[in-house]
Amino acid sequence: QVQLVESGGGLVQAGDSLILSCTASTRTFTKYNVGWFRQAPGEERQLIAAINWSGGTTTYADSVRGRFTISRNNAENTVYLQMDRLKPEDAAVYYCAADDPTYGSNWPPALAGEFEYWGQGIQVTVTS
């Protein structure tokens with residue numbers, strides 16, 4: 001079982017930056033595609049960024065493209081989400097998730113159901 005732990009969330013002002021980290025408990029994480037999702041109150045969980053297992057390919061939702069950057073350091077079992085020029089509408093609980101290729105993987109991923117392992121979520125609040 002893979003455990004994912006997110007860190008780096010918090011309260012910021014519009015225009016500020018944050019870096020979220022997602023660290024895995026096992027080295028097999030280096031073979032997984034990883035996504036960052038977010039969920040605001042009353043809304044569905046949305047995939048906003050994903051990175052393939054090697055870090056060579058990324059994809060972004062339109063709402064964050066050009067402002068957010070996903071990256072990974074497989075030597076540290078960690079995936080990052082650099083969030084720049086934050087807006088109040090970026091406020092949400094952010095989750096990282098890993099897609100285990102043992103169960104089949106699609107690229108680019110699109111749905112929460114494609115990911116087998118999830119972190120507990122971390123709050124990002126953006127004030128105007």
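Biologist: What are the ground rules here?
Modeller: This is a predicted model, where local features need pLDDT of at least 70, side-chain atom pairs count only at pLDDT 80 or more, and totals for chains, interfaces and linings use all residues. Residues are numbered from 1 along each chain as its sequence is written, and side-chain values use heavy atoms, with hydrogens and water left out.

Biologist: How many aromatic pairs are there in the whole structure?
Modeller: Five. Rings of Phe, Tyr and Trp (its six-membered ring) pair if their centres lie within 6.5 Å; planes under 30 degrees apart are stacked, over 60 edge-to-face, and the rest tilted.

Biologist: How are the rings of Phe 37 and Phe 115 arranged?
Modeller: Edge-to-face, because their planes are at 85°, with the centres 5.2 Å apart.

Biologist: Where in the chain do those two sit?
Modeller: Phe 37 is in strand S4 (residues 33-39). Phe 115 is in the loop between strand S9 (92-99) and strand S10 (117-118). Strands here are DSSP runs (E, at least two residues), numbered from the N terminus.

Biologist: Is Phe 115 buried or exposed?
Modeller: Phe 115 is buried, at 5% relative accessibility. Phe 37 is buried as well. Buried means under 20% relative accessible area, exposed over 50%, and partly exposed in between (1.4 Å probe, protein chains only).

Biologist: What about Phe 115 and Trp 118?
Modeller: That pair is edge-to-face too, with centres 6.4 Å apart and planes at 65°. Trp 118 is partly exposed, at 26%.

Biologist: Which residues make up the aromatic cluster?
Modeller: Phe 37, Tyr 95, Phe 115 and Trp 118.

Biologist: Which charged end sits over Tyr 95?
Modeller: That of Arg 45, 3.7 Å from the ring centre. The cut-off is NZ of Lys or CZ of Arg within 6 Å of the ring centre and within 35 degrees of the ring normal. Likewise, the charged end of Arg 72 sits over Phe 29, 5.3 Å from the centre of that ring.

Biologist: Arg 72 brings me to Asn 52. Which residues does Asn 52 touch?
Modeller: Setting aside neighbours within four places in sequence, Asn 52 is in contact (heavy atoms within 4.5 Å) with Tyr 32, Asn 33, Thr 57, Arg 72 and Trp 107.

Biologist: Where is Asn 52, and what does its side chain reach?
Modeller: Asn 52 lies in the loop between strand S5 (46-51) and strand S6 (58-60). Its side chain reaches the backbone nitrogen of Gly 56 at 2.9 Å. Asn 52 counts as buried because its relative accessible area is 12%.

Biologist: Switching to strands. How many residues of S9 are buried?
Modeller: Seven of its eight.

Biologist: Which strands pair with S9?
Modeller: S4 is joined to S9 by seven bridges, antiparallel. Two strands pair if DSSP finds at least two bridges between them. Asn 33 stands opposite Asp 99 there. S11 (residues 122-127) pairs with S9 over three bridges, also antiparallel, with Tyr 94 opposite Ile 122. S10 pairs with S9 over two bridges, again antiparallel, and Ala 97 has Trp 118 as its bridge partner.

Biologist: And S3, which strands are joined to it?
Modeller: S1 (residues 4-7) is joined to S3 by four bridges, and S8 (residues 78-83) by six. Both pairings are antiparallel. Ser 21 in S3 stands opposite Ser 7 and opposite Tyr 80 in S8. Strand S3 (residues 18-24) has five of its seven residues buried.

Notes: Polar contact = N/O pair within 3.5 Å; in protein donor to acceptor, adjacent residues only side chain to side chain.
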